[in-house]
Amino acid sequence: MVHPTATAIEPHCPGGVIEGFYGPPWSDAERQTLLEWMARFGLSVYLFCPKDDPHHRAAWREPYPRGEAERIASLIADCGRRRIDFVWGVGPGLDLRHADEADVAALLARFAELLRLGCRRFALLLDDIPDALDPADAARFGTLAAAQAHVANQAWEWIAANVPGGTLLLCPTPYCDRMAAAGLGGSDYLETLGGQLAPAIDILWTGPEIIAPEITHKSLRSVTRLLQRKPVLWDNFFADDYDGNRFFAGPYSGRPRDLQSAVRGIFLNPNNELPLNFVPLHTFSSWLHGNGPWNPRAAFENAIGDWLPAFRLLDAAPHRPAREPISLDDLTLLTDCFYGPYEQGAGAEALLAGARGVMEKPPAAWGRDEEQALDAARRLKSLGYRLADLADRPLLHALARRLWPLREECTLFLHHADNKLRAARGEAPHPDNDHLPGTFRGGFLAALQKVVPVPWEQPRPGTGAFTIRPARPEDRQQAYRVCLETGDDGRDGTPYYRDDPDALPRIFVGPYFAFAPNLAWVVEDDEGVCGYCLGAADSAAFYDAYERQWRPDLTARFPAPTGAPATWTRAQQIHHLYHHPDHLIPGPPGHYPAHVHIDLLPQAQGRGLGKKMMGMILGELRRRGLPGVHLGVGTVNVRAQAFYRKLGFAELCRVGGDDGCTSMGLRLDAPPDSTAERRDR
Ligand code: GDL
C-alpha cells in the first residue's frame with residue numbers, strides 16, 4: 001500500500017540540489033552562488049551531504065569543530081532567508097553498529113547538534129557502503145534492511161518528538177533498479193525496508209541506474225510498490241565525480257515531465273565544479289516548472305543565452321590587447337563537447353563525424369562536413385586561448401582541466417589535416433611540435449578500459465556472456481562479417497557473395513560506422529562481434545552524406561554490371577545498387593525521419609539481445625526528440641516482421657513484390673504506453 005499521508009517533503013514534487021558527490025566539498029562562496037541560482041530557478045531543497053566531508057561520513061560520530069559549526073549555521077540561515085529547505089545528511093554506514101545503543105545515541109547527538117544550528121530536516125544516507133552485517137547486528141536483526149529500518153525509525157521518533165515540522169529522508173543501500181536486481185543488501189531488501197520503515201520517512205532512489213539515461217513513470221512502478229511509497233529521486237544525471245575527463249553542461253533530458261507525479265521530489269546531484277552547473281540547474285528548472293512536451297535542446301539554447309554574460313573577458317589593458325569576445329556560437333560549441341553522460345551535443349557530433357572523414361578520406365574528397373569539422377576545431381583551439389582572459393576566474397578554473405586537453409586534441413587534429421593536405425601537394429609533412437610523443441589521455445584507466453570490455457549491463461540468465469556496448473571503429477571489419485553471415489534474409493549469405501564478400505556491408509554497415517557512429521552498438525561474445533544495431537537519426541542527411549562522400553568511391557571501384565540482370569551474381573546485384581541507389585524514406589514526409597537496422601548471428605538470437613538493442617537505439621532516438629523511425633525488412637522475412645510488430649512497428653509500404661522489401665514504421669512521439677514497444681520494456 002502507498003502511504004499518501006507521508007509528509008516529509010512539501011509542496012508537490014519540489015526540485016532541489018544535492019551536494020552529495022565525492023571530491024572537495026563546495027566552498028562557502030560557491031554555496032552562496034548555489035543558493036542564488038536555486039532561488040532564481042525555483043529549486044527549494046538543498047540536501048547537504050558532501051561525501052568527503054569527514055563529519056558527514058568517515059568521522060560521522062564527531063561533531064563539527066566550532067568554526068565549521070558557525071559556517072553551517074550561517075548556511076542554514078541563508079537558506080532560510082531564501083526559503084530553501086536545508087536538509088542535513090549523515091552517512092554513518094561505513095562502520096555503524098545498528099544494535100549498539102551507543103552508536104544510535106551518537107547519531108541522535110549529531111541530529112541534536114544540527115538542530116541547535118537551526119536545521120530541521122535530516123537525511124540518513126546508506127549508499128555506497130558494505131552490505132554485510134556484523135555478527136551482533138545479524139544476530140539481532142537478521143537482515144540489513146531490518147537493521148537499517150530499526151535505526152531510521154529511532155531517528156524518526158527522535159525527530160518527531162524534538163523537531164517541530166522535522167523530516168527524515170533515507171537513501172537505501174541498493175538505490176537503483178540494477179543494484180536491487182543484483183541482490184545488493186540481501187534478498188527482499190526493498191520489501192523489508194518498505195514494510196518496516198515508518199511511513200513518514202521518505203526514500204531516495206536514483207532510478208533504473210546510478211546515472212540513469214532515462215527515468216520514466218513506468219520504471220518507478222515496481223520500486224514504489226516495494227517501498228510502499230513514492231520515491232524521492234536522487235538524480236545523478238549531471239554528476240561528474242566518476243570521470244575526471246568530463247563535465248555535463250547540456251540540458252536535463254531522458255525524463256518525461258509526467259514523471260513529477262510519480263515522485264515526492266527530484267534532487268540533482270550535479271557536477272563537482274559548481275560554476276559548471278548553470279545550464280543543468282537552468283534546464284532542470286524549465287523542466288520542473290514548465291508545461292507540455294519537453295524539448296531539451298530548446299531549453300539548452302535558452303539556458304546558454306542566459307549563461308553567456310558569465311563569459312565576459314577581461315578588459316584590454318595597456319600592455320594586453322582585448323581578445324575577441326566569446327560568442328553564443330563559441331559557447332554552444334564548447335558546451336556541445338561536454339553535454340550529457342550519454343550524448344554529445346550537435347556541434348560535437350558534427351565535429352566527430354567530419355574529423356572521421358578528414359582522417360579516412362583523401363583531401364580531394366573532403367566536403368562540407370570535413371570543412372565544418374576543421375572550422376570547429378579551429379574555433380575550439382582559439383577558445384582555449386581566449387578563455388584564459390575570462391573575467392570570472394572561478395569559472396575559468398572550473399573549465400581549465402577539460403579546456404586545455406580539448407585545445408590540444410583539436411590542435412593535433414588540425415595538424416594531421418594540414419599534413420594530409422601537404423602530402424596531397426607533394427610537400428613534406430610539418431613536424432608536430434605541440435605534442436609530447438606517445439601521450440594518451442586517460443593514462444592507466446583508459447588503457448585498462450581498452451583491455452577489459454565495459455559491460456553494457458550485468459550478464460543476466462539467458463544472455464550468458466554476451467556484452468552489448470557502443471561500437472568502436474575497430475569493430476567495423478567484424479560487423480562486415482556479421483552482415484555477410486546474415487545477408488540472405490537473416491541466413492548466412494557467404495555462399496552467395498564469394499565474388500565480393502563485402503558487397504552488402506559496404507552499403508549496410510560501412511556508412512553507419514562513418515556517418516552515424518553514435519547510433520551504433522555491437523553485441524559480442526567470447527568469439528567477437530556477433531551482432532549490431534545501426535541507425536541514422538536524420539535519414540535524408542545520412543543519404544546525402546552517402547551520396548556525396550561514400551557512393552563516388554563505390555562507383556569508381558565497382559563497375560555497373562552489364563548483360564541480362566538475370567545472369568548477375570548477388571554481389572553484382574548489389575554493385576548495381578551502388579550505381580542506382582534507391583533511398584526510400586517511407587510514410588508522410590517528416591513522420592519517420594530516422595531509420596535503424598539490426599542483425600544478429602544465430603548464437604545471439606532468441607536471447608532478448610535484439611529487443612534490448614532496439615530498446616537502446618529507440619530510447620536514444622526518443623531522447624533526441626525524433627518523431628518516428630522506420631526500417632526495411634525482406635517481405636518474405638515474416639519472422640523479423642513479427643519481431644518488429646511486437647516492438648510497436650507497423651507496415652508502411654511494400655516495394656518490389658514478394659522478393660522485395662517491406663517498410664515498417666514506429667512513431668516515437670506517441671503518448672506513453674500507446675505502443676507495444678513501451679509495454680514490452
Ligand atoms: C553514487 C553516489 C553519489 C555519487 C554518484 C555519482 C548515490 C546515491 N551515491 O553512487 O554520491 O556522486 O554516484 O558518482 O548516487
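**Ligand shell and domain contacts**

Trainee: Which residues are closest to the ligand, and how many surround it?
Mentor: In this predicted model, 16 residues surround the ligand, and the closest are Gly 20, Asp 127, Tyr 175, Asn 236 and Asp 241.

Trainee: What is the shell made of, by class?
Mentor: The shell around the ligand has 8 nonpolar residues, plus 4 polar and 4 charged ones.

Trainee: How far is the side chain of Asp 127 from a nitrogen atom of the ligand?
Mentor: An N or O atom in the Asp 127 side chain is 2.7 Å from that nitrogen. On the oxygen side, a polar side-chain atom of Trp 234 lies 3.0 Å from an oxygen atom of the ligand, and for Asp 128 the distance from a side-chain N or O atom to a ligand oxygen is 3.4 Å.

Trainee: How much of the ligand does the protein bury?
Mentor: The protein buries 95% of the 360 Å² that the ligand exposes when taken alone.

Trainee: Changing topic. What domains is the protein divided into?
Mentor: Domain 1 covers 15–309, domain 2 covers 323–444 and domain 3 covers 467–679.

Trainee: How much area do domain 2 and domain 3 bury between them?
Mentor: About 860 Å², with 34% of it on carbon and sulfur atoms. In domain 2, Glu 343, Glu 349 and Arg 356 lose the most area to domain 3, together 43% of what that side buries. By contact, 11 residues of domain 2 meet 8 residues of domain 3.

Trainee: Which residue forms a salt bridge with Glu 349?
Mentor: Arg 624, with the closest N and O atoms 3.6 Å apart. The count between domain 2 and domain 3 is 1 salt bridge, and 3 residue pairs are in polar contact across that interface.

Methods: Residues numbered from 1 in each chain as written. Predicted model: local features only at pLDDT ≥ 70, side-chain atom pairs only at ≥ 80, totals over all residues. Heavy atoms only, no water. Near = heavy atom within 4 Å. Polar contact = N/O pair within 3.5 Å; in protein donor to acceptor, adjacent residues only side chain to side chain. Areas by Shrake-Rupley, 256 points an atom, 1.4 Å probe, with all protein chains shown as cover. Nonpolar A, V, L, I, M, F, W, Y, C, P; charged D, E, K, R; others polar. Domains from an automatic or database assignment. Contact = heavy atoms within 4.5 Å. Buried area = accessible area lost by both parts, 1.4 Å probe. Salt bridge = Lys/Arg side-chain N within 4 Å of Asp/Glu carboxyl O.
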